[in-house]
Amino acid sequence: MSDADVLDLAETTTREDTPFGVYIHWPFCLSKCPYCDFNSHVRHVAVDQENYARAFAAEIATTAARIGPRAVKTIFFGGGTPSLMKPATLATVLDAVAKHWTIAPDVEITLEANPTSVEAERFRGFRAAGVNRVSLGVQALDDDSLKALGRLHTAAEAMAAVATARSIFDRYSFDLIYARPGQSAPAWKQELVRAIGEAAEHLSLYQLTIEPDTPFAALENAGKLSVPGDAVARHLFDVTQEVCAAAGLPAYEVSNHARPGAECRHNLVYWRYGEYAGIGPGAHGRLDVGGKRIATATEKRPETWLAQVEASGHGLVVDETVTRPEQADEFLLMGLRLTEGIDPKRFEQIAGRPIDPARVADLLGYGFVETMPSGRLRVTRSGFPILDAVVADLAA
Ligand SMILES: C[S@@+](CC[C@H](N)C(=O)[O-])C[C@H]1O[C@@H](n2cnc3c(N)ncnc32)[C@H](O)[C@@H]1O
Ligand code: SF4
C-alpha cells in the first residue's frame, strides 16, 4: 500500500465514507484454552442459538436507532468460537445489520473459526450466509505444541481446515502463537516458513502472553512453565519480521502480516481509530453520537447479557463519553501499532494540541520512532518491543 492510499483511507471525512465496522461477539467455546483470557465460556448444555440470534438482532436495532444511518464497511464475528454458530444464526445477525444500516458493496465479513473438521464442514453454509473471509486459530503446526496449548485439534486437522478454507473463501488468514515454552529461534523459523507456504495473503502471529488468572499464569507461578525471556522473545520477534517480509507478507501491525492490500480491514478500523459498534456479550464499541465519542461495553456473562437484552434491548454496562485527552491517548495507543503510523495533524485535531515536540525529539534520538516523508510518525522495529512505553511517553 502506498503512502497516498494510506492517507486516502485515513483521512476520509464524510459519514458515508467513514469506515464503520460492526463487531459481533460469540462467547462460547468447546473448551477453555489454558492461556486464554478472552470472554469465552464453556456450556455443557446446548446453547439456544435462536434466542441469542434474536438478542443480537435486538441489540443491533437499538444501536442503529441511537446512531442513525451508517454504511457498514466491515463485519467481524469474533469470540469465543463463532464457528460454533449455526450458519442460520449468523445469517439472522447479518439480516439485522442489513435491515438497519446500508451494507457497502465491498463489505468485508470475517468469521473467526477453530480448525476442527466439524467446523470446517460448516464453511459452505457460512459463505452462503455472506461470510467472505475466515481467520483460523491454528496456533501451532505440531501436535505436541497443540497439546501443550490445550487445543482440541491436531496439526493435520488444522491444515485440512486451512485447505477447506482455501477452497471456499477468496480470503483467509490463520493465527499462530510463538515464544511458546522451550521454543528456539531455528524451530520457530522452520515452523513459520511452513506456515507461509500454507498462507495466502494474511497471517496473525502472536507472541504468547501469560495472562493473569489463567491456568498458564498459575503454572508459571508454580515454576512449572517457563516462557522465553525478553532477549529470546525479542529475537523471535525479529525473526518473524524478517522471514515474513522476505516472503512478501510484511507486518502492517505489531502481530499482523499481509500482502499489501490484503490487510484485515475490520481491524484497521480499530487501529485507525474509526467508528465501530460492539454487539454481543462483552463487546466493546466506539460510537460517534451527536458530536461526541462514546465508549460502550456490554455485560460479559452470556446469560446475564441475554436477559438484559430481552428486558431492555441492549446489554450495555459501560456507556461513557470519551474526553478529548482520552481520545488522543486511544488514538496513539491504536495507531502506533501500525506500520503506517499516525498522522500528527489528526492527533492535533483530536487532542486540541500538537504532540509534544520535545518528547518526539527524544524518541527520535533513541531511534524508537521515525518521521516518514509523508509527515506521519511511526514506531521503529527497535521501538516495537517497548511500544507501551513509547505510547505512554507521547501521551503524557
Ligand atoms: C479470540 S482468540 C480466538 C479464536 C478461536 N477461538 C481460536 O482459539 O482459534 C484470537 C487469537 O488470539 C490469540 N491468543 C489468545 N490468547 C493468547 C495469548 N495468551 N497469547 C498470545 N495469543 C493469544 C490466538 O492466536 C487466537 O487465535
Ligand atoms: S483461544 Fe479460542 S478456543 Fe481457546 S478459549 Fe480462547 S477463544 Fe476459546
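Serine 255 touches Leu203, Ser204, Leu205 and Tyr206, leaving out residues up to four places away in sequence, where contact means heavy atoms within 4.5 Å. Serine 255 is found in the loop between strand 7 (251-253) and strand 8 (256-258); helices (H or I, at least four residues) and strands (E, at least two) are DSSP runs, numbered from the N terminus. With a relative accessible area of 11%, serine 255 is buried, and here buried means under 20% relative accessible area, exposed over 50%, and partly exposed in between, with a 1.4 Å probe and protein chains only.

Before I go on, a word on the model: it is predicted, so that local features need pLDDT of at least 70 and side-chain atom pairs count only at pLDDT 80 or more, while totals for chains, interfaces and linings use all residues. Residues are numbered from 1 along each chain as its sequence is written, chains are lettered from A and ligands numbered from 1 in the order in which they are written, and side-chain values use heavy atoms, with hydrogens and water left out.

Which residues touch the most other members of the largest nonpolar core? They are Ile75, Phe77, Trp101 and Phe174, in a core of 91 residues, a nonpolar core being a set of buried Ala, Val, Leu, Ile, Met, Phe, Trp, Tyr and Cys residues joined through side-chain atoms within 4.5 Å. Isoleucine 75, if we leave aside its neighbours within four places in sequence, is in contact with Val22, Ile24, Leu94, Val97, Ile103, Val107, Glu108, Ile109, Thr110 and His266.

Phenylalanine 76 lies in strand 2 and is buried, with a relative accessible area of 7%. Beyond four places in sequence, phenylalanine 76 touches Val22, Tyr23, Ile24, Thr110, Glu112, Cys264 and His266. Phenylalanine 76 and cysteine 33, by contrast, are 43 residues apart in sequence and 22 Å apart in space, C-alpha to C-alpha.

Cysteine 33 brings us to ligand 2, which is surrounded by Cys29, Ser31, Lys32, Cys33, Tyr35, Cys36, Ser40, Gly80, Thr81, Asn114 and Arg151, a residue being near a molecule if one of its heavy atoms lies within 4 Å of it. By class, this shell has four nonpolar, five polar and two charged residues, with Ala, Val, Leu, Ile, Met, Phe, Trp, Tyr, Cys and Pro counted as nonpolar, Asp, Glu, Lys and Arg as charged, and the others, Gly among them, as polar.

Glycine 80, one of the residues around ligand 2, is joined to glycine 79 by a cis peptide bond, with omega about 15°. The place of glycine 80 is in the loop between strand 2 (71-79) and helix 3 (87-100). Most residues other than glycine have a negative phi, and most peptide bonds are trans. Alanine 179, which is not a glycine, has a positive phi of about 60°; it sits in the loop between strand 5 (171-178) and helix 8 (185-198), and at 3% relative accessibility it counts as buried. Aspartate 213 also has a positive phi, of about 65°, but aspartate 213 is exposed, with a relative accessible area of 80%.

Now the aromatic rings, of which a search of the whole structure finds 14 pairs; rings of Phe, Tyr and Trp (its six-membered ring) pair if their centres lie within 6.5 Å, and planes under 30 degrees apart count as stacked, over 60 as edge-to-face and the rest as tilted. The rings of phenylalanine 56 and tryptophan 305 have centres 5.3 Å apart and planes at 45°, so this pair is tilted. Because phenylalanine 56 lies in helix 2 (residues 49-67) and tryptophan 305 in helix 12 (residues 302-312), the pair ties together parts that are 249 residues apart in sequence.

Finally, charges over rings, which I count if NZ of Lys or CZ of Arg is within 6 Å of the ring centre and within 35 degrees of the ring normal. The charged end of arginine 70 sits over the ring of phenylalanine 20, 5.8 Å from its centre, and that of arginine 293 sits over the ring of tyrosine 273, 4.1 Å from its centre.
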